[in-house]
Amino acid sequence: MTDLIQTERDGATLTLRFNRADKKNAITAAMYAGLAQALKNADSDASVRAVIITGSGDAFTAGNDLKDFAENPPKGADAPVFQFMDALASFRKPVIAAVNGVAVGIGTTLLLHCDLAYAVPTAKFALPFVNLALVPEFGSSLLLERFVGLRKAQELLMTGETFTAETALSLGLVGALVPAEELLATAKAKAALLATKPPSALRQTKALIRGDLAEVKARIGTEAKVFGERLQSAELQEAVSAFFAKRAPDFSRFE
Ligand code: COA
């Protein structure tokens, strides 16, 4: 497995850590594959009772690697990014997000598939898909509304504006803000608490709260189709070129 995903076992808790701090933990295809494999293994390993997802350095994750979007876009339903989405969306045990810094794109949408989420007060969040000429992914066009309500979901997904940890807390995207030095310990304490619960009852509780998994998976698939088309667009090329040239994109020539 790629060393850009670190795994750590602590009792019944498995911690998965994005380990690409120099690129703000932007996620490559190899990293998605590593995450998917680790989640599949954890799901079938009875000794794992809970999973924590966190980042290294000062970022949770800056989302999908933008070079990959332009040069190595996902091909087909079994591309690593979709394997990761499927593994997390279907995961049967509790997943806890410990958001240690900026969480962009899938860094925010993956929270919709976690059961508990804590963030440092300095964390920043964004769903900038439209700014990149993309559309919402990972079921966020369906699930974000459940967390924040339709009006706010529209605002976050249509403006792509960055929002603070305080806002994420008030919207219910994270359950509490925790100082950086206590974040992992807090997540691990919750994981240890969950490990004491009867596992079948906990799995069934999670499944009931999640609701119709087939609906979630269908929406992920519908979004992926449009997303894949958008990745081929001239609008996306402009957005990605602008990011790496450190300039503002100019969409004025597009209709
Ligand atoms: N893909 C590829 N590289 C990325 C990246 C991404 N998603 N996000 C950051 N990086 C790289 C930068 O290119 C930079 O590389 P360099 O040092 O070789 O120039 C490095 O990570 C540090 O990023 P930088 O932008 O200098 O850090 P920052 O603290 O000023 O800003 C972010 C952090 C996350 C706000 C900013 O990097 C950002 O907006 N990234 C893009 C997020 C995004 O649009 N993701 C896709 C969502 S669908």
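Modeller: A contact here means heavy atoms within 4.5 Å. The structure under discussion is a predicted model.

Biologist: What share of the contacts in the protein chain with a separation of 6 or more comes from residues 24 or more positions apart?

Modeller: The count concerns contacts in the protein chain with a separation of 6 or more.

Biologist: Why does the radius of gyration of the protein chain agree with that of a compact globule?

Modeller: The C-alpha trace spans about 60 × 40 × 35 Å along its principal axes. For 255 residues, a compact globule would have a radius of gyration near 18 Å, and the chain agrees with this because its own value is 17 Å.

Biologist: How many helices and strands does the protein chain hold, and what is the strand order of the open sheet of six strands?

Modeller: The protein chain has eleven helices and ten strands. Strand 1 (5-10) and strand 10 (176-177) are the edge strands, each pairing on one side only.

Biologist: Which helices do the buried residues of helix 5 pack against?

Modeller: Helix 5 spans residues 140-148, with S140, L142, L143, L144 and V148 buried. Just after helix 5, G149 takes a positive phi of about 90 degrees. The packing partners of the buried residues are helix 4 (106-109), helix 6 (150-159), helix 7 (165-171) and helix 10.

Biologist: Does K225 count as buried or exposed?

Modeller: K225 belongs to helix 10, which runs over residues 213-231. In sequence, K225 and E137 are 88 residues apart, while their C-alpha atoms are 9.9 Å apart in space. A residue counts as exposed over 50% relative accessible area. K225 has 58% relative accessibility and therefore counts as exposed.

Biologist: How far apart are the mean positions of the positive and negative charges of the protein chain?

Modeller: The accessible surface of the protein chain is about 11800 Å², and carbon and sulfur atoms hold 56% of it. The chain has 28 positive and 28 negative charges. The distance between their mean positions is 4 Å.

Technical notes:
Residues are numbered from 1 along each chain as its sequence is written. This is a predicted model: local features need pLDDT of at least 70, side-chain atom pairs count only at pLDDT 80 or more; totals for chains, interfaces and linings use all residues. Side-chain values use heavy atoms; hydrogens and water are left out. Helices (H or I, at least four residues) and strands (E, at least two) are DSSP runs, numbered from the N terminus. The radius of gyration is taken over C-alpha atoms; the globule rule is 2.2 Å times the number of residues to the power 0.38. Accessible areas come from the Shrake-Rupley method with a 1.4 Å probe; for residues, only the protein chains shown count as cover. Lys and Arg count as positive and Asp and Glu as negative; His and the chain ends are not counted. The place of a charge is taken as NZ of Lys, CZ of Arg, CG of Asp or CD of Glu. Buried means under 20% relative accessible area, exposed over 50%, partly exposed in between (1.4 Å probe, protein chains only). Two strands pair if DSSP finds at least two bridges between them.
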